[in-house]
Amino acid sequence: LIPKMDPSNVQPVLYNGIKPVWEGTLAAFTFPFGEIMMFPMFLYSFKTKKSSYKIYTLGLLISGIIVIMTSLTLVLVLGVVVDSGLYFLSFLSVKEISVGETLQRMEVLAALIFIFVAFLKISVLLLGACKGVARIFNFSDYRFIVTPIALLMINLSNLEFSGRVAFSSWIF
């Protein structure tokens, strides 16, 4: 996507002042990085406490760099107006990839990656929720409550949110 990047898409910087930048920063820290607070549920399983902090910090730094690079790529390729108005921007940017006649129409690969990452994220959040509930009620094992909590999560998400737009507006 480097040939399709337009540096004028990030100008003018701070056109509306610092307030929109500050609000965007707070939104970025609450949504993608707020879910990172689930990972301390798994830190007690490491052999030494020093290794858990190192892994947690390294993962946080790597994910932060990836989020910044992805956001900057989306703004440089698509522009701020398009970037602020759509929900699945990666599909639009992946659509722009074309390397000769061989690598084109990569949206299917992006969709498969999204599905895999969503499954992985939901699995980690479900495991953390089950371990937390088991710890609250002093259960010796969490495995017998995985199915009820998963069904409860599915039902509550369908009752609470009508779709992705409602979920995103609730988050922000």
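The axes of helix 5 (residues 107-136) and helix 6 (residues 146-160) come within 10 Å of each other and cross at roughly 120°. Helix 5 is therefore oblique to helix 6. Angles under 35 degrees count as roughly parallel, over 145 as roughly antiparallel, 65 to 115 as roughly perpendicular and the rest as oblique. The axes are lines fitted to C-alpha atoms, for helices over the stretch in contact, and the angles run from 0 to 180 degrees between N-to-C directions. The helices themselves, like strands, are DSSP runs numbered from the N terminus (H or I, at least four residues; strands E, at least two).

This is a predicted model, in which local features need pLDDT of at least 70 and side-chain atom pairs count only at pLDDT 80 or more, while totals for chains, interfaces and linings use all residues. Residues are numbered from 1 along each chain as its sequence is written, and side-chain values use heavy atoms, with hydrogens and water left out.

Helix 5 passes helix 6 in a right-handed crossing; a crossing is right-handed if the near helix is turned clockwise from the far one by less than a right angle, and left-handed if anticlockwise. On the helix 5 side, Leu-126, Ala-129, Cys-130 and Val-133 meet Val-146, Ile-149, Ala-150 and Met-153 of helix 6. The residues of this contact divide into eight nonpolar, no polar and no charged. Here Ala, Val, Leu, Ile, Met, Phe, Trp, Tyr, Cys and Pro count as nonpolar, Asp, Glu, Lys and Arg as charged, and the others, Gly among them, as polar.

The protein chain as a whole has seven helices and zero strands, in the pattern α-α-α-α-α-α-α along the sequence. Of its 172 residues, 16% count as buried, that is, under 20% relative accessible area; exposed means over 50% and partly exposed in between (1.4 Å probe, protein chains only). Among contacts (heavy atoms within 4.5 Å) between residues at least 6 apart in sequence, 49% join residues at least 24 apart.

The loop between helix 5 and helix 6 contains Asn-138. Phi of Asn-138 is near 55°, a positive value in a residue other than glycine.

The structure holds one salt bridge, a term for a side-chain nitrogen of Lys or Arg within 4 Å of a carboxyl oxygen of Asp or Glu. Asp-141 and Arg-143 form the bridge, with the closest N and O atoms 3.7 Å apart.

Two serines have listed C-alpha separations. Ser-90 lies in helix 4 (residues 89-95). Its C-alpha atom is 7.4 Å from that of Leu-74, 16 residues away along the chain. Leaving aside neighbours within four places in sequence, Ser-90 is in contact with Leu-74 and Phe-114. Ser-123 is found in helix 5, and its C-alpha atom is separated by 9.4 Å from that of Ala-150, 27 residues apart along the chain.

The accessibility of the individual residues is as follows.

| Residue | Relative accessible area | Class |
|---|---|---|
| Asp-141 | 29% | partly exposed |
| Arg-143 | 59% | exposed |
| Asn-138 | 69% | exposed |
| Ser-90 | 23% | partly exposed |
| Ser-123 | 31% | partly exposed |
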